[in-house]
Amino acid sequence: MHAIPYAYLTDPASFTLLIAPLDRILAAAKLAFHKNKPPVLYLSGEEVGIFSRLIAVHNLATFRRAEDDRRLLSLIEEADRPCVCIEHDPARFEDDPSFVEQFVFACRDKAHEAGTTVLLLATEIDPALLQVYQEVDRAFYGTRLFRSKRNTLRGRFVEDLMPGQQTLEEALR
């Protein structure tokens, strides 16, 4: 079993999707919390399954709960930290399918315009995350690295490091 690469957790100006078993997500979040100063901004919806298990490093993050979609988007937009971790809440995407586009735009804008490391954390794949995957700079699923379909330097760099890899959609078939 491979750990989530350090660069995925600390590379500035990147929007990264991390989908892995809970133990790997917890290890990645702890590392991100330790390596990013000032404290990480951690955002979640009603469910805080990942954050609630990070008790030992709570002091290294500022936690904000987004009560609704608009609040989540405004918290992303207002974030002033070098690293923002967002805990995926599937319920957030069920009510309004167009929210995925708004969410992706906010995350990509925060990453690319403000130079922020934006990490979207999830323990299971769902249809909304497959949509998000189309727009991230890179993704980690389970134990493998994947490049997004976006033609970015980061995507080519990861592809060069991991010859023969697939896109996430190909892996899930």
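**View 1. Salt bridge between D80 and R81 in the predicted model.** The structure shown is a predicted model. The side chains of D80 and R81 meet in a salt bridge, with N and O 3.5 Å apart. D80 is exposed, its relative accessible area being 64%. Across the whole structure, a search finds five salt bridges.

**View 2. Salt bridge between R108 and D137.** The closest N and O atoms of R108 and D137 lie 3.5 Å apart, and the two residues form a salt bridge. R108 belongs to helix α5, whereas D137 lies in the loop between α6 (127–133) and β6 (138–141), so the pair ties together parts that are 29 residues apart in sequence. Both R108 and D137 are buried.

**View 3. Salt bridge between R71 and E67.** The side chain of R71 meets that of E67 in a salt bridge, at an N to O distance of 3.9 Å. R71 is partly exposed, with a relative accessible area of 32%.

View 4. The elements giving two or more residues to the negative patch are α3 (69–78) and α5 (99–114). D109 is placed in helix α5. The relative accessible area of D109 is 36%, which makes this residue partly exposed. Because patch residues must have over 30% relative accessible area and no salt bridge, D109, at 36%, passes the cut-off for accessible area.

Terms used:
Residues are numbered from 1 along each chain as its sequence is written. This is a predicted model: local features need pLDDT of at least 70, side-chain atom pairs count only at pLDDT 80 or more; totals for chains, interfaces and linings use all residues. Side-chain values use heavy atoms; hydrogens and water are left out. Helices (H or I, at least four residues) and strands (E, at least two) are DSSP runs, numbered from the N terminus. Buried means under 20% relative accessible area, exposed over 50%, partly exposed in between (1.4 Å probe, protein chains only). A salt bridge is a side-chain nitrogen of Lys or Arg within 4 Å of a carboxyl oxygen of Asp or Glu.
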